[in-house]
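Colleague: Could you take me through the salt bridges and the sheet in this model, with the cut-offs behind each term?

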Amino acid sequence: MTEPIRVLVADDQALLRGSFRALIETAPDLTVVGEAATGAEAVELVHVLRPDVVLMDVRMPRQDGIEATRRICQDADNATVRVLILTMFDLDVHVFSALRAGAAGFLLKDTPPAELLNAIRVVAAGEALLAPTVARRLIAEFARSPQSTRPLPRALDGVTDRERQVLTLVARGLSNTEIAEHLHLSLATVKTYIGRLLTKLHARDRAQLVIIAYESGLVTPAP
């Protein structure tokens with residue numbers, strides 16, 4: 001029997017933590033291994049419990065969710081730990097920073113229960129929760145960011161022309177299936193290209209590929 005996906009819930013509100021725990025425990029393939037009330041506590045518990053997925057609230061005391069995500073994702077020992085950001089607003093200005101810090105994606109706190117459970121499974125499987133609508137928010141946030149405050153462009157040395165095409169479409173918010181149809185490739189081939197891009201660009205997931213595409217200048221936000 002396959003081991004259940006281990007989840008750590010990080011939120012400063014006890015009622016919400018309890019609600020998330022109750023919901024997650026209804027799924028036979030998911031289990032909650034711990035709860036954290038602060039970002040600092042989340043970082044500590046990740047080291048102790050080694051969860052597969054962390055549901056991370058953005059706004060928490062004693063180190064917010066963004067800094068906690070950065071600390072978790074920068075630690076080589078946590079290479080298999082995935083962080084799923086929880087936020088109250090879909091236009092939360094912190095979302096972009098959280099994804100850059102290494103989060104695998106983000107969800108609204110009012111996401112339907114079935115979608116939240118599926119999102120945990122998707123992230124645990126190594127995919128990024130980055131639907132086209134999420135990509136558009138990333139693009140909008142990047143466009144609003146003053147050029148002087150952006151990090152230096154990241155080079156795409158070693159990336160082939162075909163891989164650049166795939167990366168461009170990823171940045172535009174297309175799914176693997178849509179990319180396959182657009183480039184007349186098989187779905188397996190698209191997955192292979194994305195795997196190569198993740199390796200070559202040292203990106204944790206699809207969310208970071210989108211950011212790299214814009215920071216490198218490969219794709220630019222529309223006016």
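Modeller: A salt bridge here is a side-chain nitrogen of Lys or Arg within 4 Å of a carboxyl oxygen of Asp or Glu. The model is predicted, so local features need pLDDT of at least 70 and side-chain atom pairs count only at pLDDT 80 or more, while totals for chains, interfaces and linings use all residues. Residues are numbered from 1 along each chain as its sequence is written, and side-chain values use heavy atoms, with hydrogens and water left out.

Colleague: Which residue forms a salt bridge with lysine 109 at 2.9 Å between the closest N and O atoms?

Modeller: Lysine 109 lies in the loop between β5 and α5, and its partner lies 98 residues away in the loop between β1 and α1 (14-24); helices (H or I, at least four residues) and strands (E, at least two) are DSSP runs, numbered from the N terminus. With the closest N and O atoms 2.9 Å apart, the partner is aspartate 11.

Colleague: Is aspartate 11 buried or exposed?

Modeller: Buried means under 20% relative accessible area, exposed over 50%, and partly exposed in between, using a 1.4 Å probe and protein chains only. Because its relative accessible area is 0%, aspartate 11 is buried.

Colleague: What is the order of the strands in the open sheet?

Modeller: Two strands pair if DSSP finds at least two bridges between them, and four bridges join β1 (residues 5-10) to β3 (residues 53-57). The five strands show parallel pairing, in the order β2-β1-β3-β4-β5.
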